[in-house]
Amino acid sequence: MSAMISRKPSSPKAKAEPRFAIAIMAAGKGTRLKSKHPKVLHEIGGKPLLQFVVDAAKAVLPAEDIFVIIGHEAERVRAAMAGAGVQFVLQSEQLGTGHAIMSARASLAGYDDVLVLSGDVPLLRPETIRGIRDFHLKNHAAMTILTADFPDPTGYGRIVRKKKGGRASDEVEAIVEQKKLKAQQEKIREGNSGIYALATGPLFEHLDELRTDNPHGEYYLTDIAGILANSGAKVLALKAGETHEVAGANNRAELAVLDSEVRARKCAELMAAGVTIFRPETCVIDAEVEVGADTVIEPFVQLLGKTRIGPDCRVRSYSVITSSEIGDGVTVRNGCIVSGARVSEGAILGPYSHLRPGSDIGPGAHVGNFVETKKAKLGRGAKANHLTYLGDAVIGENVNVGAGTITCNYDGVKKNVTVIEDGAFIGSDSTLVAPVRIGRNAYVGAAACITEDVPEDALAIARSRQVNKEGWVKAKREAMEAAKSKS
Ligand code: UD1
Ligand code: MG
């Protein structure tokens with residue numbers, strides 16, 4: 001395991017200023033989620049739980065002092081956090097939160113204090129991490145526990161405070177886990193957030209005293225509070241300002257509560273920056289989405305992934321935009337699905353357009369109802385307004401693509417490109433069999449099946465000539481009536 005550790009040796013300055021590390025416990029399976037995915041990679045606000053914790057930790061300490069303890073599906077978790085630059089420690093068997101810290105002992109040995117965070121408590125703010133660190137140092141505590149008065153503390157370890165003169169003091173006697181609560185302790189609403197500051201000296205002196213005599217047969221880190229307090233060391237509780245910040249995500253219901261909290265915060269942040277959001281509680285906006293001022297977002301819109309929307313846009317109800325770039329003043333009418341696409345300023349989409357990855361819609365272009373685009377570039381002012389499929393297509397400026405036009409891009413083996421040059425007009429219900437090129441300002445007559453290139457300024461007609469059979473229906477009708485009167 002030591003091969004995984006790469007920490008700079010303590011500098012002389014470290015003696016004066018206590019050296020702090022952050023350990024993030026992220027090795028657990030998350031049994032209560034009933035999932036094949038590791039708990040800490042479950043997402044809220046479009047981001048893995050652990051990513052929130054790592055981001056908050058990095059706002060407080062350099063990545064080299066942050067140790068993420070991984071175990072269950074370790075390689076998946078490590079890969080998901082690979083870009084963060086943090087250290088990883090392997091807890092090869094998940095024998096409990098106490099055992100997680102035992103596994104990190106060698107990595108933490110050179111530090112004076114460690115802040116222990118939980119990978120499943122995602123909304124913790126950097127200010128709060130700094131707050132517990134400062135409180136812990138100022139009070140020379142062996143352990144400081146971040147706590148909260150949960151409206152429903154079920155599932156949280158409860159804080160048993162020492163009594164001084166008949167009243168609860170700042171000092172903690174023990175943390176008692178839910179399943180070990182005595183009747184009189186059931187009333188305690190103050191819960192353990194799973195976030196602690198610990199002086200490494202007393203921690204490592206007493207860590208081996210943890211026992212597995214509990215209903216799960218695990219080493220509970222929470223037992224260290226009672227062990228330290230019994231040894232005469234100072235164990236303090238510090239209450240967090242609000243409960244959401246220290247709420248854990250152990251099951252799907254808790255995940256949903258935290259997800260709506262993150263999304264509400266995101267909407268509030270966007271509104272504060274000048275975005276109008278009607279009925280924000282119905283909108284699903286991921287953490288990394290950016291939206292410009294004076295853009296209006298209607299109810300039931302989803303903006304996901306790394307989507308960027310410019311100012312002065314209107315995104316109408318039921319549109320779902322994922323990892324796309326939308327320029328200034330774009331209108332996205334109702335029900336559009338836009339993924340991995342770029343839409344330039346002043347373009348109009350929808351209602352019900354489907355822009356798939358690689359779609360690049362030029363300034364002022366229109367993509368209308370039931371139009372699907374994939375790897376299709378539309379030039380400035382180009383229009384494809386109705387019932388069309390444009391795949392692997394390069395479409396010039398001011399091209400008009402008639403209703404029902406289909407690019408036949410797939411020949412059963414590979415994808416081929418259709419090029420439609422500037423100013424061309426494609427009649428309705430045309431099929432353009434790629435690879436094919438329609439020249440500048442050329443016309444394609446309606447219902448054409450185009451298999452050969454069309455030169456600039458030419459008219460292509462590619463359909464069978466119409467034949468009108470005069471009186472055909474009348475003759476058929478009379479023949480049928482005659483047959484009926486005979487029978
Ligand atoms: C824990 C606390 C509980 C507290 C709650 C706050 C213990 C025994 N209980 O309970 O007092 O109120 O957090 O959210 O600590 N993990 C490991 N290795 C393991 C087991 C867990 O790294 O062997 C990690 C998990 O991935 C998770 C964190 O530790 O990120 C907490 O574990 P979890 O099982 O969620 O503990 P809780 O039951 O929530
Ligand atoms: Mg938990």
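Me: Strands here are DSSP runs of E, at least two residues, numbered from the N terminus. With that in hand, which strand gives the most to the lining of the largest pocket?

Reply: Strand 10, with 4 residues. This is a predicted model, by the way. Strand 10 covers 190–199, and helix 4 (97–103) also supplies at least two lining residues.

Me: What makes a residue part of the lining of the largest pocket, and which ones lie nearest its centre?

Reply: A lining residue has an atom within 4 Å of a pocket point. The lining has 36 residues, with Arg32, Lys39, Thr97, Glu218 and Asn250 nearest the centre. By type, the lining holds 10 nonpolar, 19 polar and 7 charged residues.

Me: How do you know whether Asp120 is buried or exposed?

Reply: Buried means under 20% relative accessible area. Asp120 comes in at 12%, so buried it is. Asn250, at 14%, goes the same way: buried.

Me: What makes strand 1 and strand 6 a pair?

Reply: Pairing takes at least two bridges. Strand 1 and strand 6 have 6, in the parallel sense, so they pair. Ile22 has Leu115 as its bridge partner in strand 6, and Ile66 in strand 4.

Definitions and conventions. Residues numbered from 1 in each chain as written. Chains lettered and ligands numbered in written order. Predicted model: local features only at pLDDT ≥ 70, side-chain atom pairs only at ≥ 80, totals over all residues. Heavy atoms only, no water. Buried < 20%, exposed > 50% of the residue type's maximum accessible area, 1.4 Å probe, protein only. 1 Å grid on protein atoms, 1.4 Å probe; cavity = no way out; pocket = protein on both sides within 12 Å on 5 of 7 lines; lining within 4 Å. Nonpolar A, V, L, I, M, F, W, Y, C, P; charged D, E, K, R; others polar.
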